[in-house]
Amino acid sequence: MPGMTYEWKLSSDDKTLIYGIRIFNFGHKMNTWRAGREVRSMPFQVGESEFSIDIFPNGNSKENRGNISVFVNNTNNWDVKLEIEFSIGTKSFESVDEIEANTSWGWPTFCDHDDARNLFDDEQSRTITTSANIKLIWEEVTHGRKNMKAEVQLLN
């Protein structure tokens, strides 16, 4: 989101990516944004698949208000399996999960607001830096994909 974030990516190969997002004035967003309002990353690609990340400063739903929620969006018409490590400051979680086509997977209660205050880059700006280390384990081969040969090799 231009003006709200600074984003970067590092690739070690076509199946692994580290995607970073610095979110400015995050403390203000935690305190003022309604539950369900997200900061969405720019789309990025791992293998032949495209993804984005949603970070909800005040939870993805009313039930999760008072928490930071984090989700990886599979924006493809095929299923994928990912190994994901997501970090905000010193707090991180990792998981291996299948994400169905055009759905999301993540942590609805990644961090509560009290703990999040210790994760700001600095107290004055109340900015946070996040990173997602994503490894593509497999992506489903479907008819009409761009590069069928690459997909078959990825699955082997």
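This is a predicted model: local features need pLDDT of at least 70, side-chain atom pairs count only at pLDDT 80 or more; totals for chains, interfaces and linings use all residues.
Strands here are DSSP runs of type E with at least two residues, and helices are runs of H or I with at least four, numbered from the N terminus.

I noted the source conventions: residues are numbered from 1 along each chain as its sequence is written. Local features need pLDDT of at least 70, side-chain atom pairs count only at pLDDT 80 or more, totals for chains, interfaces and linings use all residues, and side-chain values use heavy atoms, without hydrogens and water.

I checked the partners of E2, taking two strands as paired if DSSP finds at least two bridges between them. Strand E1 (residues 5–13) is joined to E2 by 8 bridges and runs antiparallel to it. A hairpin through 2 residues links E1 to E2, and Leu10 faces Ile18 in E2. Strand E10 (residues 128–139) is also antiparallel to E2, with 8 bridges; there Ile23 stands opposite Ile128.

I then read the whole chain. The protein has 3 helices and 10 strands, in the order β-β-α-β-β-β-β-β-β-β-α-β-α. Its radius of gyration is 16 Å, close to the 15 Å from the globule rule for 156 residues, so the protein is as compact as a globular protein of that length. The radius is taken over C-alpha atoms, and the rule is 2.2 Å times the number of residues to the power 0.38.
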